[in-house]
Amino acid sequence: MLSEDDDIMKEYIEDSKNASEQDEVIGMYDKELNDEMLKRAEIRENREQAYNEGLEEGTLEKARETVNLMTSLPDEDIEEIQKRINELEKIVNSKESKSKKWSKAKDIIKWVADKGVDVGIALLPLVLKIS
């Protein structure tokens with residue numbers, strides 16, 4: 001027959017096992033949270049870098065050069081992207097209000113989103129120049 005002390009000891013051992021499992025689960029969530037925070041910090045850093053590059057002079061030429069070096073794209077796509085760069089240049093340099101500029105750029109931005117990451121990275125600095 002078990003004594004009261006034995007019952008208390010069994011309860012303590014069971015609680016210890018549960019606490020250990022809980023610590024393991026908490027540790028997994030802490031790692032996931034930390035990984036997510038690192039990803040978000042990297043995204044913020046990349047956005048800031050893209051914004052700063054967008055403010056540099058010569059961004060249009062840089063975008064054109066980048067697009068011309070995209071060997072994976074057919075010539076027709078490169079010509080279309082260059083056309084969109086020219087449109088963005090006109091929008092950026094126009095004297096219209098900011099809202100009108102963004103309204104005109106909206107279709108270009110949607111189009112760029114469908115073209116993939118490389119095209120987006122090349123044209124993002126141009127979009128950021130709209131003010």
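Read along the sequence, the protein follows the pattern α-α-α-α-α, and its secondary structure accordingly comes to 5 helices and 0 strands. The model is a predicted one, and buried residues make up 21% of the 131 residues in the protein. Among contacts between residues at least 6 apart in sequence, 62% join residues that are at least 24 apart.

**Packing of H3 and H4**

- Two packed helices are described by the angle between their axes and the distance between the axes.
- For H3 and H4 the packing angle is about 155 degrees, and their axes are 10 Å apart.
- Because an angle over 145 degrees counts as roughly antiparallel, H3 and H4 are therefore roughly antiparallel to each other.
- The crossing in which H3 passes H4 is left-handed.
- On the H3 side, the contact is made by Asp77, Glu80, Ile81, Arg84, Glu87, Leu88, Ile91 and Val92, while H4 contributes Lys101, Lys104, Ala105, Ile108, Trp111 and Lys115.

**The largest nonpolar core**

- In soluble globular proteins, nonpolar side chains tend to be buried together.
- The largest nonpolar core here has 19 residues, of which Val67, Ile81, Ile85, Leu88, Leu123 and Leu126 touch the most other members.
- Helix H2 (59-68), helix H3 (75-93), helix H4 (98-115) and H5 each supply at least two residues of this core.
- Leu88, when residues up to four places away in sequence are not counted, touches Ala105, Ile108, Leu123, Leu126, Val127 and Ile130.

**Helix H5**

- Helix H5 spans residues 117-128, and its 12 residues reach 16 Å from the first C-alpha to the last, which is close to the 16 Å expected at 1.5 Å a residue.
- The buried residues in H5 are Val119, Gly120, Ala122, Leu123, Pro125, Leu126 and Val127; of these, Leu123, Leu126 and Val127 are also touched by Leu88.

**Ala105 and its surroundings**

- Ala105 lies in helix H4, and it counts as buried because its relative accessibility is 0%, against a cut-off of under 20%.
- Leaving aside neighbours within four places in sequence, Ala105 is in contact with Leu88, Ile91 and Ile130; Leu88 and Ile91 are also among the H3 residues that make the contact with H4.
- The C-alpha atoms of Ala105 and Ile130 are separated by 8.6 Å, although the two residues are 25 residues apart along the chain.
- Ile130 is also one of the residues touched by Leu88, a residue that is itself in contact with Ala105.

Terms used. Residues numbered from 1 in each chain as written. Predicted model: local features only at pLDDT ≥ 70, side-chain atom pairs only at ≥ 80, totals over all residues. Heavy atoms only, no water. Helix = DSSP H or I, 4+ residues; strand = E, 2+ residues; numbered from the N terminus. Expected span 1.5 Å × (residues − 1). Buried < 20%, exposed > 50% of the residue type's maximum accessible area, 1.4 Å probe, protein only. Core = buried A, V, L, I, M, F, W, Y, C linked by side-chain atoms within 4.5 Å. Contact = heavy atoms within 4.5 Å. Axes fitted to C-alpha atoms, helices over the stretch in contact; angles between N-to-C directions. Parallel < 35°, antiparallel > 145°, perpendicular 65-115°, else oblique. Left-handed = near helix turned anticlockwise from the far one by under 90°.
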